[in-house]
Amino acid sequence: MNPSRSTRIALYVYGIATIFFLYVPLLSVGFASVSKARYLSFPIKRYSTKWYGDALQSETVRDLLVTSLKVAVIVTVISMVVAFFGALAFARYNWRYRTLFQKLILLPIFFPQTVLGLALLMWFNSVGIIPTWKTAIVAHLVWIAPIATLIVAIRAYSFDPALEEAARDMGASTMTILREITLPLLMPGIISAGLFAFLLSWGNFPLSLFTTGADSTLPEWLYAKMVSGYSPLVPTLGVMSVVGSFLLILLAFSLNWLIRSVRESRSAEN
Amino acid sequence: MQSQPILRLRQVVKKFGNFTALHGVDLEIEEGEFFTIVGPSGSGKSTMIRLLVGMDELSEGEIWLRDKRIDQTPANLRPTCMVFQSLALFPHMSVGQNIEFPLKLRGAAPADRKARALELLDLLRLPQSYYQKRISECSGGEKQRVALARALAFDPEILFFDEPLSALDYRLRKTLEKELKSLHARTGKTFVYITHSLEEAMVMSDRIAIMREGRFEQISVADEIYGRPVSRFVAEFMGEVNLFDVEGTASDGLHGKGIEIHVNGDTRDFGISLEKGVTGTLMVRPEYVRFLTSSATADFIVRGILRAEYALGSRIQYEVETSAGQTLTVEKLREDRFCGNEGSAVILGFDAENVHLIRGT
């Protein structure tokens with residue numbers, strides 16, 4: 001279908017706005033990261049990759065990256081598992097409290113994250129848990145696991161229940177059906193859910209701020225340095241964080257591609 | 001000696017809450033039979049097949065497979081298999097992997113699995129190159145054949161079908177009906193088929209069961225159900241039909257409004273008599289009704305006005321409004337086409353050997 005004139009204009013405006021509000025700001029961080037000056041100022045007088053070298057050697061930066069990565073990876077793995085079973089409960093099986101479950105699971109998403117973070121911090125304190133990066137994992141999961149569940153549930157809704165029935169009819173046990181039919185069919189959804197979980201955890205600030213205690217994640221550090229004691233490493237780490245996210249997306253795509261080609265070669269072997 | 005039936009249902013009841021879907025059904029299916037259960041939607045035929053396959057539990061009664069009672073056996077432990085309405089082919093597996101799935105579950109060696117899959121592709125007249133194909137690359141008819149091959153790979157005692165042709169276009173459906181019939185002959189397996197289409201049932205089946213509101217109305221061969229239905233419901237379900245309300249007379253004859261009866265001899269000889277005061281329905285199929293010229297005669301004569309003519313392809317269908325205000329259907333082969341103007345008076349006739357009397361109304 002060819003868009004009408006007004007639709008075309010709207011599309012152009014939309015495209016330009018996206019570039020202007022999303023990519024131009026990102027580019028300015030990129031430029032700032034290669035400026036030799038200690039403070040943010042435009043136009044940039046002298047370019048240098050000095051801060052990248054510094055960042056790679058800095059122990060603080062390594063700690064930040066390790067903490068953020070630990071939290072994000074663990075949140076991703078747990079989210080994927082929870083989302084798989086949660087989506088089955090959400091979309092596939094008819095059970096008594098299903099509608100209630102479907103509504104409850106949305107609650108954390110509607111809750112402002114700052115309030116959620118504060119609530120969790122107070123709860124950790126009252127039960128006597130000292131907040132560290134481990135409590136941040138719990139906090140992230142409260143918010144991210146439901147989102148991941150919804151993503152897998154969308155996939156589960158488009159799933160013909162007769163597929164599982166057919167497998168059972170041909171003699172498959174519940175475990176075999178899960179392994180041979182349900183899991184492979186939901187896998188694209190589970191991978192996108194994992195991707196979202198990682199990115200949401202990696203970039204999360206409000207929940208981490210309240211629940212990491214003495215530990216610090218990358219977004220927290222960026223904020224802290226902007227508020228007091230600016231470091232020229234701020235834009236550098238910002239860029240590194242974005243690049244990390246992009247690498248992950250690439251990884252997810254190649255993983256999907258890998259699964260498909262493995263399946264094809266397996267069917268060719270047989 | 002009567003051989004033992006392969007499948008036997010005794011007083012099978014299925015309830016969903018307050019709703020009773022099956023009211024104590026009895027059924028016996030013979031070894032090697034092509035048995036079709038036909039009924040309108042809501043008649044309980046889908047409930048029936050889910051019970052037979054083991055995907056739902058019955059509320060009361062027994063199901064026997066030869067001399068084993070199977071109604072408490074879950075679907076995955078029953079030696080039967082079903083071709084689903086949606087076919088339920090696994091989209092993430094190739095054609096070959098789909099066919100091999102039941103064999104893989106039994107732990108067959110990969111080489112044996114492949115050999116059997118290729119054999120089945122031959123049996124279903126699919127090229128062996130399809131072994132590698134993705135399900136999404138197959139056409140509707142090819143998917144049907146893959147689903148059949150997969151079910152046959154399971155080597156079931158009974159193969160069940162849940163309206164697998166209903167989503168296909170007319171021509172393909174006709175082709176596959178005949179293929180299924182020939183596949184049944186070649187494999188010698190017992191086929192139990194569910195459909196709402198009488199045509200499908202008539203083309204393929206050895207015996208047909210007509211279902212209505214959770215009961216079997218009639219179980220018989222196709223000719224019997226078509227020509228000698230036990231009720232108005234069956235008569236009307238099995239295609240176009242003309243029905244007349246009749247009543248027995250003192251002399252064991254028949255009397256009907258708007259119909260002249262000139263049966264040569266005793267109506268009892270034709271099994272179309274009723275005792276005095278008893279009501280019934282006289283049935284004649286449209287192809288047995290003739291247009292009479294003034295001199296000709298027939299056992300039953302009805303006068304009316306030609307109202308419409310429809311070309312059905314090889315046949316022509318006519319609508320005639322009788323003097324009693326009833327609309328009758330007449331069908332003629334194209335070569336026997338009746339030439340009459342719409343609105344003209346016609347005389348219709350049919351003979352005692354072609355009518356069937358249903359007792360009661």
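This is a predicted model: local features need pLDDT of at least 70, side-chain atom pairs count only at pLDDT 80 or more; totals for chains, interfaces and linings use all residues.
User: What about residues 12-34 of chain A, helix or strand?

Analyst: That span is 96% helix and 0% strand, with 31 Å between its end C-alpha atoms. The UniProt entry includes residues 12-34 under "transmembrane region" too.

User: Which domains does chain A have, and where do they lie in the numbering?

Analyst: The assignment gives domain 1 (1-48) and domain 2 (58-269). Their centres, taken over C-alpha atoms, are separated by 29 Å. Seven residues from domain 1 of chain A and seven residues from domain 2 of chain A take part in the contact. On the domain 1 side there are four nonpolar, two polar and one charged residues.

User: Why is H4(B) called largely enclosed?

Analyst: A residue is buried if 20 or more other C-beta atoms lie within 10 Å of its own. In H4(B), 11 of the 14 residues are buried, so the rest of the structure largely encloses this helix. Among them are B:Lys143, B:Val146 and B:Leu152. The buried residues pack against elements of chain B including helix H2 (95-105) and strand S7 (158-162).

User: What is the expected reach of helix H4 (residues 140-153) of chain B, and what does the model give?

Analyst: At 1.5 Å a residue, 20 Å is expected for its 14 residues; helix H4 of chain B reaches 20 Å from its first C-alpha to its last, close to that value.

Notes:
Residues are numbered from 1 along each chain as its sequence is written. Chains are lettered from A and ligands numbered from 1 in the order in which they are written. Domain bounds come from an automatic or database domain assignment. Two residues are in contact if their C-beta atoms, placed from the backbone, lie within 7 Å. Ala, Val, Leu, Ile, Met, Phe, Trp, Tyr, Cys and Pro count as nonpolar, Asp, Glu, Lys and Arg as charged, and the others, Gly among them, as polar. Helices (H or I, at least four residues) and strands (E, at least two) are DSSP runs, numbered from the N terminus. The expected span of a helix is 1.5 Å times one less than its number of residues. A residue is buried if 20 or more other C-beta atoms lie within 10 Å of its own, exposed if 12 or fewer, and partly exposed in between; C-beta atoms are placed from the backbone. UniProt positions are given in the numbering used here, feature names are shortened, and annotations may be inferred rather than shown by experiment.
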